[in-house]
Amino acid sequence: ESGDFVTSPEISQVFGELIGIWYISEWIATGKPKAFQLVELGPGRGTLTDDILRVFNQLASLLSKCDVSIHLVEVSPKLSEIQALMLTGGKAQSNPEDKSAYMEGVSKTGIPIFWYRDIQDVPPGYSFYLAHEFFDALPIHKFQRTEKGWREVLVDIDPEVPDQLRFVLSPSSTPATENFIQPEEMRDHVEVCPEAGVIIQRLACRIEKDGGAALVADYGHEGTKTDTFRGFRNHKLHDVLRAPGTADLTADVDFSYLRKMTQGRTTTLGPIKQREFLKNMGIDLRLQVLLQNSRDTATREQLLHSYDMLMNPKKMGDCFNFFALLPHHRLAHPDKKHKPESKSPLPPVAGFGELLLK
């Protein structure tokens, strides 16, 4: 309740559980490799990883022959302390400078956890990547179409109001205008996040080379929205230029840009709405089980309230989207001309289609 915003994992444990199930279903679909790394980008307070670890623990017999490790990419020293406390009970130690992970520990369920400042420091190997409300926090460039062509929106000091900032248009073209606007752009106002493009490229390269999958959950659009840059403070909208450094700043993720930046190295699925993804993953079934197991009315009310928060189209159900990167071979149809009986059909990707309950 305190702070500037709340995220899905903090609303309901079911959110993280279903994501944990998604990774396990992908692991099974690709033939249960001997080891996998779960790599979360910007893990917040560690709630989501904690819920996923609980699922891995509940399915320990299934994962018994698999070497599972957790790799957290976190730049904030403060947040990494909070994560370590939640995930290891504080049993994490700092590493010497020459090690790629700056901190490591063991989860309460016995799984090794490593912390890094950059995705590039994470060791290569079959990995599942998770970016939940990560891309929306990365810096953007803003552009405005004018009669003289594209101009970048910049931040300036307001000459008329002391200590106040204002937006201005660049007097001429900037390097960003030259490099980040797609030639076929139809909109008059565009936001581009080059850093998101670089990270998606890295994920796509890794998945193409080592296998695995990436799941991105965020609010965003398909290259249709224009001005989405906004601030939140104490759960209310806040002017982005007022009292800088005191509010949470965010901009919607352009999924069409992310898709473009994979450069065809991976298959992409989605974006689909959060309520569709969670429904396909079996949230209704999970809710029923939790409701049956809860002893008191308050817990039941809390469960129903959090379900509504996640699924209601007017709340988080429609504004959050799920988007996945998978290796091409995961979805390639076996060639029918050669021995059709030799290849069994590929299992569907959970969450992105109707869930067939066996």
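Visitor: How far apart do the C-alpha centres of domain 1 and domain 2 lie?
Guide: They lie 32 Å apart. Domain 1 covers 8–138 + 193–330, and domain 2 covers 141–191. The bounds come from an automatic or database domain assignment.
This is a predicted model: local features need pLDDT of at least 70, side-chain atom pairs count only at pLDDT 80 or more, and totals for chains, interfaces and linings use all residues. Residues are numbered from 1 along each chain as its sequence is written, and side-chain values use heavy atoms, with hydrogens and water left out.

Visitor: How many residues of domain 1 are in contact with domain 2?
Guide: 18 residues of domain 1 are in contact with 13 residues of domain 2. Contact means heavy atoms within 4.5 Å.

Visitor: What is the area buried between domain 1 and domain 2?
Guide: It is about 1,200 Å², and carbon and sulfur atoms give 56% of it. Buried area is the accessible area (1.4 Å probe) that two parts lose on being put together, summed over both. In domain 1, Pro 194, Thr 226 and Leu 241 lose the most area to domain 2, together 45% of what that side buries.

Visitor: Why is Thr 49 called buried?
Guide: Buried means under 20% relative accessible area, exposed over 50%, and partly exposed in between (1.4 Å probe, protein chains only). Thr 49 has 1% relative accessibility, so it counts as buried. Thr 49 is found in helix α3, residues 47–58. Helices (H or I, at least four residues) and strands (E, at least two) are DSSP runs, numbered from the N terminus. Leaving aside residues up to four places away in sequence, Thr 49 touches Glu 40, Ile 70, Leu 72 and Leu 87.

Visitor: Why does Thr 7 count as buried?
Guide: Thr 7 is at 12% relative accessibility, so it counts as buried. Thr 7 sits in the segment before α1 (8–11). It touches His 132, Glu 133 and Met 316, again not counting residues up to four places away in sequence.

Visitor: Where does Glu 133 lie?
Guide: Glu 133 lies in the loop between β6 (127–132) and β7 (141–146). Its relative accessibility is 16%, so Glu 133 counts as buried.

Visitor: What phi does Glu 133 have?
Guide: Glu 133 has a positive phi of about 50°, although it is not a glycine. Most residues other than glycine have a negative phi, and most peptide bonds are trans. Lys 32 also has a positive phi of about 50° and is not a glycine. Lys 32 is found in the loop between α2 and β1 (35–41). With a relative accessible area of 41%, Lys 32 is partly exposed.

Visitor: Which residues does a cis peptide bond join?
Guide: It joins Gly 270 and Pro 271, with omega about 5°. Pro 271 lies in strand β16, residues 267–273.

Visitor: What makes a set of residues a nonpolar core?
Guide: A nonpolar core is a set of buried Ala, Val, Leu, Ile, Met, Phe, Trp, Tyr and Cys residues joined through side-chain atoms within 4.5 Å. The largest one here has 55 residues, and Trp 22 and Phe 352 have the most contacts inside it. Helix α2 (residues 13–29) gives the largest share of this core, 8 residues. Apart from it lies another core, of 34 residues, among them Tyr 129 and Phe 255.

Visitor: How do you know that β12 and β14 pair?
Guide: Two strands pair if DSSP finds at least two bridges between them. Strand β12 (residues 230–233) and strand β14 (residues 248–250) have 3 bridges, in the antiparallel sense. Gly 231 stands opposite Leu 249 in β14. Another 3 bridges join β12 to strand β13 (residues 236–238), also antiparallel. There Arg 233 stands opposite Lys 236.

Visitor: Why do β13 and β14 stand at the edges?
Guide: The open sheet has the order β13-β12-β14. Each of β13 and β14 has a single partner strand, so one side of each is left without a neighbour in the sheet.

Visitor: What is the order of the open sheet of 4 strands?
Guide: The order is β9-β8-β7-β10, with antiparallel pairing. The edge strands, β9 (165–169) and β10 (189–192), each pair on one side only. Strand β8 (residues 149–157) is joined to β9 by 5 bridges. Asp 156 has Arg 166 as its bridge partner in β9.
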